[in-house]
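Here are some brief notes on the model. Please read them with the structure open.

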Amino acid sequence: MLAALVALSLTKGLVWISVFPIWKIADEPAHFDNIQYRAEHMLHAPPNVGGAIDKVMGPGVSPELKLSWKATNKYYQGSFLANTRRVPEEERLAAIGATPDSRRTDGQMPALGYPGLYYNIATIPYGAFRRSSILTRAFAVRCLSMLFGLMAVLATFFAAELACESRAIAFAAAALVALQPMFSQQTAAVNNDAGAIGICAIVFLLQMRIVAALPRSPSKLDGLLLGVCTGLAILCKPQGLGMLPGDAVVSALVLRGRWREREVWSFIGAMAGGVLTLVAVPPVWSRLFPAPQPILHVALAKKRELGPFPSLLGFPGWVDGLAFDYKQYLVRSSWGQFGWLDFALGGSWIDRVERLASLCTLGGIAAITLRVVTPKKQRLWWSVAPTAFAAFSAYTGVIFILFAEYYARVHLKIVGVIQGRNFLFMLPAFAIVVAVSLGSLVPKRFRVLVAAAIVTGALALNVAALATIVSHFYGG
Amino acid sequence: MVDERLRRASVQWGLLALLVQLYVAGRWSFFAFQDLATMIHKYAATLEDRISQLKPEAFKFPLAGVYISLFALVSIVIVAALLYAGLRTALNPPPNEE
C-alpha cells in the first residue's frame with residue numbers, strides 16, 4: 001500500500017507540475033525571489049526600509065525573473081507559438097542563467113516577511129542547477145514541494161492507521177490528501193505552503209502516536225521530537241503556530257491523573273524546550289548580529305506592527321457575522337481556486353462536493369455516535385482517542401486560521417489575509433475524520449469497497465481539476 | 001431479530017452511500033473527459049506544443065505525456081485492486097464479522 005501511495009503521489013505531482021505554466025500559481029515569483037536572494041548571497045534579504053513592496057513583480061527582481069515573467073504572460077491561452085515546443089525566450093533564459101548578474105535580486109518581494117526554513121531548503125535544488133536556466137531551477141523547486149506533499153500523504157497514512165484498524169480506510173484517507181485539488185496545486189508550486197503542509201503533517205503524526213499510546217507515558221525523546229518538529233513548522237510558515245493547541249492537548253492528556261510523575265514533566269519540558277529553542281534562537285541571533293542577517297532569520301513582524309491580543313469573546317460573534325460570500329470564497333479557495341485565484345472548478349461541482357462531503361460526514365459522525373452510545377458492548381474498529389484528536393485538530397485548524405483573519409481585521413486593519421488554502425495544514429486530520437466516518441457507515445465486510453469509493457471520488461475530482469487547469473491555460 | 005434489522009439497515013445505508021459516491025465520481029469523470037475530449041478535438045495538433053512551451057526538457061512532451069500515462073495507469077491499478085479486494089471481502093466475509 002505504501003508503494004501505491006508513493007507511486008500515486010509522485011506521478012500525480014509530476015503531472016500537476018507539468019501542466020502549470022511557470023509563475024502561474026499565486027505568489028510563485030515572490031517565493032522564488034526569496035530563495036534566489038538566499039541562494040545567491042547566503043543571507044536573509046535586507047529588511048524593507050519603507051518603500052512599498054509590489055505584490056506581484058517588484059522592480060528589483062533579477063533580470064532573468066523579469067524576462068521569464070514577461071514570457072509566461074506572452075505565451076498564454078490563445079497566444080502560444082504554433083508548431084513548436086520551444087519558444088525563443090528559452091534560449092535567452094538558458095544563456096543568461098549562467099551569468100551571476102542576471103541572477104541578482106534585491107530580495108524586496110512579499111515573501112520577505114516569512115520565516116526561512118522552506119526557502120533555505122529550496123536553495124539546495126536551486127544551487128544544484130545554479131548555472132542552468134531559471135526554468136530548470138524553478139521546476140526543481142517545484143519538485144521539492146512535491147516531496148513535501150509526499151511526506152504529508154505518508155504521514156496521513158500512518159496517522160490513519162493509528163485511528164482505525166482498516167488499512168484500506170487508512171489508504172483512502174491518505175489518497176484523499178494526495179488527490180485534494182488545492183493540495184495538489186500547492187505541492188506543485190514554488191510556495192512555502194508545501195513545506196508547512198508537509199512538516200505540520202509530521203507534527204500531527206507524532207501527536208497521534210502519543211495519543212494512541214496512552215496511558216503509556218511518552219519518553220523524553222518523544223517530547224523533544226514533537227517540540228523540534230513543531231518548531232520547524234513555525235520556522236516554515238506562521239500556520240505552524242496552529243500546531244501548538246494540539247501540543248497543549250497532548251500534554252494535558254499525558255498529564256491527566258499523573259501530574260506528580262517525573263517522566264511526564266520530562267516529556268513536557270523536552271517538548272517545550274524543542275519548540276522554544278528553534279523559535280527563539282534565530283531572533284536572538286539576529287539581535288546579537290544585526291547585519292547581515294543569517295539566512296535562517298525568522299522574520300516576524302516588528303513590535304509596533306502588532307496590536308494587543310484581541311478579545312476572544314468577540315470572536316464567535318465575528319465569525320457568525322461574516323458575509324456569506326466571504327465564507328463561500330473560503331470554502332471554494334480551499335477546494336479548487338487555481339492559479340492567481342483567477343479561475344476555479346465549476347461552481348456547481350464545488351456545491352456538489354460540499355453537500356456530498358457534509359452529508360456523508362454527518363452520516364458517519366451519527367453512525368460513530370450511535371456505536372458509542374449503544375448499550376451493547378462491542379469491539380470498535382476505530383480508536384476513540386486518536387479519532388477524537390483528529391477531529392479536534394481539524395476544527396482547531398479552522399478556528400486558528402479564522403482567528404488570524406479576525407486579528408488582522410480588528411487590530412491591523414487589514415482585510416483578507418487568509419485564503420482557503422491556508423486550511424490545508426490540517427488536511428490530514430480532516431481526511432482521517434472523513435474516511436473513518438464513511439467507513440463507519442457500513443459493516444466490516446464493505447469497508448474496502450467504501451475505501452474504493454472514496455479513492456474513486458477523489459481521483460475523479462483531481463482529474464476534473466486537471467481538465468479545468470489545462471482548459472484555462474492552453475485553450476482559446 | 002433487532003441485530004438482523006440493524007445489519008440490513010447498515011448494509012442498505014452503506015450501499016446507498018457507495019452508489020451515490022460512484023454516481024458523483026462517474027459524473028465528474030464524464031464532465032472531465034468530455035472537457036478533455038473537446039479540447040483534444042479542437043487543439044489536437046497544438047495541445048502538446050502549448051503545454052511544452054517555456055518549460056525545462058523534463059516537463060515538455062513527450063516526457064510530460066509519460067507522466068500523464070503513468071498517473072492514469074497507477075490510478076486505474078489502484079481503483080481496480082481496491083474494487084477487486086472490496087468485492088472479494090464483501091462476498092466472502094471473514095468469520096469475525098461485526
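This is a predicted model: local features need pLDDT of at least 70, side-chain atom pairs count only at pLDDT 80 or more; totals for chains, interfaces and linings use all residues.

1. Chain A overall. The fold has 18 helices and 2 strands in chain A. Of its 476 residues, 57% count as buried. The accessible surface of chain A is about 18,900 Å². Carbon and sulfur atoms account for 67% of that surface.

2. Contacts along chain A. Take the contacts between residues at least 6 apart in sequence. Of these, 82% link residues at least 24 apart.

3. Ala451(A), setting. Is Ala451(A) buried or exposed? Ala451(A) has a relative accessible area of 0%, so it counts as buried. The residue sits in helix H18 of chain A, which spans residues 447-474.

4. Ala451(A), partners. Set aside neighbours within four places in sequence. Ala451(A) then touches Ala168(A), Ile169(A) and Ala172(A), along with Leu82(B) from chain B. Tyr126(A) lies 325 residues from Ala451(A) in sequence, and the two C-alpha atoms are 39 Å apart.

5. Ser251(A), setting. Ser251(A) belongs to helix H11 of chain A, residues 244-255. Its relative accessible area is 9%. The cut-off for buried is under 20%, so Ser251(A) is buried.

6. Ser251(A), partners. Which backbone oxygen does the side chain of Ser251(A) reach? The side chain of Ser251(A) comes to 2.9 Å from the backbone oxygen of Asp247(A). Beyond four places in sequence, Ser251(A) is in contact with Phe267(A), Ile268(A) and Met271(A).

Definitions and conventions:
Residues are numbered from 1 along each chain as its sequence is written. Chains are lettered from A and ligands numbered from 1 in the order in which they are written. Side-chain values use heavy atoms; hydrogens and water are left out. Helices (H or I, at least four residues) and strands (E, at least two) are DSSP runs, numbered from the N terminus. Buried means under 20% relative accessible area, exposed over 50%, partly exposed in between (1.4 Å probe, protein chains only). Contact means heavy atoms within 4.5 Å. A polar contact is a pair of N or O atoms within 3.5 Å; within protein, one must be able to donate a hydrogen and the other to accept it, and residues adjacent in sequence count only if both atoms are side-chain atoms. Accessible areas come from the Shrake-Rupley method with a 1.4 Å probe; for residues, only the protein chains shown count as cover.
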